[in-house]
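Please work through the exercises below with the sequence and the 3D view open beside you. Try each task on your own before you read the solution that follows.

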Amino acid sequence: MKDLVYLVPLFPLIGFILNGLFWKSMPRKVSGILASGAVLASFAVSLLLFFEVKSNPEAGGVVHLFDFIRAGDLHVPFAFQVDALSCLFLLIITGVGFLIHVYSTGYMHDDAGYTKYFAFLNLFVFSMLLLVLGANYVIMFIGWEGVGLASYLLIGFWYKRRDFTNAGKKAFIMNRIGDLGFLVGMFLTMYHFGTAGYAELFPQLAGGTQVATGTMNAIAICFFIGAMGKSAQIPLYTWLPDAMAGPTPVSALIHAATMVTAGIYMIARSSVLYNLAPAAQTLIAIIGLATLLLAASIALKQNDIKKVLAYSTVSQLGYMFLALGVGAYTGAVFHVMTHAFFKALLFLGAGSVIHAMGGEQDLRKMGGLGKYMRITQVTFLLACLAIAGIPGFSGFFSKDEILAAAFAKNPIYYYLALGGALMTAFYMFRLYFFTFTGQFRGTSEQQDHLHESPASMTFPLIVLAILSVIGGYVGLPPVMSEHHLLAEYLAPVVSNFNVHHLSHSTEWLLMACSVSLIVLMIIWAYVYCRKGTFKEDNGLARVLANKWYVDELYQAVVVKPMKGLALVLDKYAERKGIDGLVNGAGRLVSWGSGRLRLLQNGQVGTYIFGMVIGVVLLLIVGLILVG
Amino acid sequence: MPIQNYLFLSLMLFTIGVMGVLMRRNAIIVFMSIELMLNAVNLLMVAFSKMFGTADAQIFVFFIMVVAAAEVAVGLAIIVMVYRKIHSVDINILNRLKN
Amino acid sequence: MLLLLLILVPLVTGLLSFTLKGSVVKGWTLFSTLVTLVLAILVCCPDYATSFQRTWIPSLGAQFSLSASGMGAVLTLLTAVVFPLIFISQWKKPLTEDPRFFGLMLLAQTGLMGVFLANDLLLFYFFWELALVPVYFLCSMWGGPKRIPVTFKFFVYTFLGSLLMLAGLIYLYLQTPARSFDWQTIAQTGAALPELAQQLLFCCFFIAFGIKMPIFPFHTWQPDTYEQSATPVTIVLSAVMVKMGLFATAKWILPVFPAGVAFWDTAVMSLGVIGIIYASLLAMVQSDLKRLIAYSSIAHVGLMITGLFAQTDIATNGVIIQMFNHGINITGMWLIVSMIEQRYQTRNLRELGGMAGQAPVMAVALVIIAFANIALPLTNGFIGEFMLFHGIFQSAHPYHITYMVVAGLGIILGAIYTLNMVQKVAYGESRKGLLVADVNRGELIGLVVIIALILLLGVYPGVLMGVFA
């Protein structure tokens with residue numbers, strides 16, 4: 001069965017190739033169906049694999065396809081890893097991916113680049129599947145950069161807008177910075193352990209290793225730098241909010257549900273390695289915390305519906321890294337899953353709103369949309385409840401697991417993360433209330449245009465809403481159930497090595513405390529939005545609205561100096577310096593010969609005089625020599 | 001007559017020739033000075049030939065005279081052509097090869 | 001015999017094409033290069049790999065000796081692939097129909113083939129210079145307005161290096177026991193020389209090769225020459241000719257002067273990585289498309305030099321692969337540049353834009369080639385760079401990690417300038433009132449072949465590794 005795994009990425013690849021080659025002649029309908037069908041087929045195969053692995057963990061393993069690079073002692077097979085972790089991610093990617101493909105057939109209906117869009121989307125799914133399936137870091141890296149490419153292409157999908165293509169460029173370049181870290185980590189691994197394959201590497205590590213802890217930390221941190229780029233953590237997060245320039249389903253799929261969780265996947269995959277690198281773990285936890293707080297605070301004051309969601313994504317990713325940092329790998333993966341459901345739903349809901357508003361994304365021009373689009377409103381509300389962490393919804397369980405693990409590791413982590421959760425509840429409901437309740441604040445033309453989206457768009461919303469509600473029951477906390485289904489399923493792959501367990505009473509207390517505070521925040525958000533005024537921000541609010549001026553800081557500290565340096569090098573070092581030297585050497589010769597040439601003044605007399613002098617000199621020399 | 005006298009005469013003639021070539025600007029006079037130098041050499045050769053009693057040098061002298069005659073013919077023709085072109089035989093003007 | 005044909009075919013057809021008139025010459029040269037391609041492919045098949053040897057100048061002990069060893073075979077193949085691509089994509093709108101152009105191109109091919117095949121130092125030197133002559137004429141007869149002084153600079157610069165090499169060559173020759181230029185003898189003689197002699201000889205040879213590559217800081221002829229020469233000539237220069245320097249270093253320096261290499265490797269590797277960063281930074285601020293690609297090429301070469309001197313198996317294999325891949329990618333890049341130049345009448349990045357809307361096929365090709373150029377996985381560029389980085393990392397050199405990381409910064413900078421370029425050329429609004437035709441058939445064939453190679457070698461590099469493994 002596992003040998004069929006190559007089919008999973010193959011279908012989207014075929015979809016990409018067909019849509020890409022016949023983009024001119026392919027009818028729209030066929031293109032959308034082809035692309036969605038490809039992902040659905042992958043989903044079906046993934047499902048089979050999933051159940052196979054679930055029932056019998058031994059059924060997984062490495063599927064060797066061909067030798068990718070073989071030179072000297074370097075041997076990189078093109079091989080896939082089938083196990084619990086990769087199968088779970090396969091399901092998330094193909095499942096959510098399929099829903100978003102369906103949604104896109106409605107959302108992108110009028111776009112001129114319809115076929116191109118689906119080609120890119122399939123390319124993305126293909127790359128993402130490679131990333132998840134790769135049986136060694138090199139194959140993972142292929143997918144890692146491949147999703148970066150797809151993301152670049154889709155962010156700059158409307159290529160005529162310069163700011164959109166800038167955003168795509170920014171995303172790719174920031175990811176490249178992370179990728180360098182990934183590469184160095186990979187080379188360090190290969191240098192010290194002689195392999196980049198999981199199946200060879202992790203058993204070596206499982207029983208402890210001779211390699212110094214410092215080196216292990218270095219490897220772990222290098223990989224984490226890669227994750228910082230891909231999963232938008234401080235300091236490499238600024239590309240993600242800009243990436244909202246892409247079509248909204250793209251934001252849902254790539255920049256919320258799947259691609260940005262690649263970093264979490266990678267670290268969870270390398271859990272054995274990270275358990276041996278305590279300093280790196282602490283760093284991850286701190287970066288995750290800082291990111292979740294920073295992004296949540298920015299989200300409080302954003303007025304662009306997609307920007308709020310983008311910062312929310314960054315913040316939720318921060319939670320996942322916090323979980324990884326405290327060693328709760330299952331918790332992180334759990335949150336990846338629930339987050340994929342509710343964040344995809346939020347983005348698709350936002351897309352539905354934007355679709356109805358004719359492209360308008362500004363909260364200040366919305367309001368009262370619930371009357372016009374009931375399905376969107378209800379599903380959006382469910383997603384908000386899930387992300388805020390209301391008991392019973394999926395987000396509650398996963399977030400609670402992370403918070404509990406954080407508390408067990410260090411209560412300060414818990415308090416800060418709880419602060420982030422409160423902000424999350426506030427900004428999500430601010431978004432909800434401003435969008436769907438109150439009075440409509442846009443133009444009357446927009447109001448006339450308001451309508452519920454077609455079935456192709458509402459169907460994914462409904463499916464995702466159901467998943468957002470029930471998705472959490474696979475991971476009930478220990479106080480509620482003996483069996484954490486997800487943890488049991490992942491146990492063969494992910495090692496939750498140093499998670500401390502809390503007593504039941506503490507856990508109940510923490511839960512009650514966070515839930516009551518979150519409910520308070522929602523009420524506050526409701527009161528705040530009832531006033532419904534947008535006033536000029538000042539003080540801290542202004543700093544938040546301007547995203548802590550981080551972009552400006554990067555511009556001033558990195559971009560401008562680098563460009564300045566390049567200009568100076570071009571003008572002085574290159575043209576005046578090196579080329580000046582080269583040309584100077586040439587000029588010296590031509591100047592010298594110019595001087596020498598003056599001896600030849602064309603006067604016959606001078607020549608003869610010279611000749612006579614020469615003869616006389618020769619005579620004298622001869623006389624001296626003879627004498 | 002001792003050989004020194006011939007030597008001194010020849011040296012004098014040759015030096016006069018050299019100085020003429022160096023000092024004078026008139027192409028014809030320069031030309032004449034060159035002839036003078038040639039003839040100084042001729043004189044020297046004949047004198048040594050007489051002294052050693054061999055005829056080789058005198059044969060060279062004939063060669064030199066023939067070549068000199070040919071040279072005069074060509075050289076004077078050039079000078080005449082130059083004079084027709086620029087109405088002067090001043091060698092300081094003849095620097096057109098420069099540049 | 002096959003190897004001799006590789007040299008004779010372009011030579012004879014090249015000389016003949018001077019006598020042809022009209023448009024026949026296009027077909028003639030294309031035919032000739034295709035024949036050479038077939039020959040080169042045969043040479044790369046393991047069964048046919050042969051060597052060829054005849055006495056050349058008996059009094060000096062020079063042999064006309066050819067052999068296609070690993071790196072040489074790959075570069076022969078590259079040379080044979082690049083030339084038909086140039087001619088086929090220029091089929092509809094050639095730069096010129098002047099038979100002299102085609103003749104000179106074929107003669108350049110002859111010289112290049114000779115350099116990659118020669119197994120005798122004197123023969124190598126002969127071809128090294130021979131390759132320069134037609135290129136000199138090609139550069140000075142066609143191209144931009146400033147081509148004469150620029151070509152002059154290029155010629156003098158390379159010739160200066162060649163003279164140093166000649167001096168070293170003569171010295172080395174005089175040291176050989178049996179007065180021979182044979183590679184094996186030369187390598188044995190060189191390695192047995194005292195350290196100081198090796199260090200000096202290293203300089204003599206390496207300056208010649210370094211100028212050709214070009215290595216920082218001997219690179220300033222390159223952007224000027226690329227900018228001013230006509231694009232087909234630029235392709236010959238950048239896709240194949242710069243590889244001469246790398247190849248020559250690998251064949252005539254590394255095994256010949258081990259003590260010299262040990263002495264100079266830190267310097268050369270440092271220059272290599274400095275060159276990567278320096279050229280990448282400069283590429284970021286160029287507004288002329290050709291200059292930008294020229295600097296990008298310098299950056300790539302910097303990495304290859306560093307890899308070459310890392311002296312690990314993997315890095316050396318990486319260099320071979322990367323030389324081939326870079327040749328393919330840069331050919332694609334220049335083809336697109338020449339198409340852009342023909343259609344937009346400008347190469348200034350500030351004036352270009354909107355190609356994706358007007359000529360989508362060209363834009364797609366540009367994006368693919370650009371990403372191959374910045375080593376995206378599953379394109380050929382990745383394989384080479386990955387092996388190079390890995391090889392440099394594994395090197396026994398004390399600063400190997402620093403070199404790898406600094407060179408790695410180049411992939412970030414590479415992404416910056418390449419994506420800037422793509423954005424300015426392909427994206428944005430197109431200029432009003434300018435009708436731009438998409439690719440014609442010849443250009444399409446050229447681009448498709450290049451893209452197919454990019455993907456094939458990126459997904460299954462084993463094809464190429466089979467040639468030299």
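**Exercise 1.** How many helices and how many strands are there in chain C?

*Solution.* Before counting, note that this is a predicted model, in which local features need pLDDT of at least 70, side-chain atom pairs count only at pLDDT 80 or more, and totals for chains, interfaces and linings use all residues. Residues are numbered from 1 along each chain as its sequence is written, while chains are lettered from A and ligands numbered from 1 in the order in which they are written. Helices (H or I, at least four residues) and strands (E, at least two) are DSSP runs numbered from the N terminus, and by this rule chain C has 19 helices and two strands.

**Exercise 2.** Which radius of gyration does chain C have, and which would a compact globule of 469 residues have?

*Solution.* The radius of gyration is taken over C-alpha atoms, and the globule rule is 2.2 Å times the number of residues to the power 0.38. For 469 residues a compact globule would have a value near 23 Å, and the 21 Å of chain C agrees with this.

**Exercise 3.** At what angle do helix α3 (residues 70-89) of chain C and α13(C) pack?

*Solution.* Axes are lines fitted to C-alpha atoms, for helices over the stretch in contact, and angles run from 0 to 180 degrees between N-to-C directions. The angle for α3(C) and α13(C) is about 10 degrees, and their axes lie 9 Å apart. This makes the two helices, α3(C) and α13(C), roughly parallel, since angles under 35 degrees count as roughly parallel, over 145 as roughly antiparallel, 65 to 115 as roughly perpendicular and the rest as oblique. Among the residues that make the contact are Leu78(C) of α3(C) and Phe324(C) of α13(C).

**Exercise 4.** In which sense do strand β1 (residues 51-57) and strand β2 (residues 62-67) of chain C pair, parallel or antiparallel?

*Solution.* Two strands pair if DSSP finds at least two bridges between them; β1(C) and β2(C) have six, in the antiparallel sense. Within this pairing, Ser51(C) has Ser67(C) as its bridge partner. The hairpin leaves four residues between the strands, and Gly61(C) in the turn has a positive phi of about 80 degrees.

**Exercise 5.** How many residues of chain C are in contact with chain A?

*Solution.* Two residues are in contact if their C-beta atoms, placed from the backbone, lie within 7 Å. On this basis 37 residues of chain C are in contact with 38 residues of chain A. The helix α17(C) gives the most to this side of chain C, with nine residues. Chain B and chain C, in turn, do not touch, their nearest C-alpha atoms being 21 Å apart.
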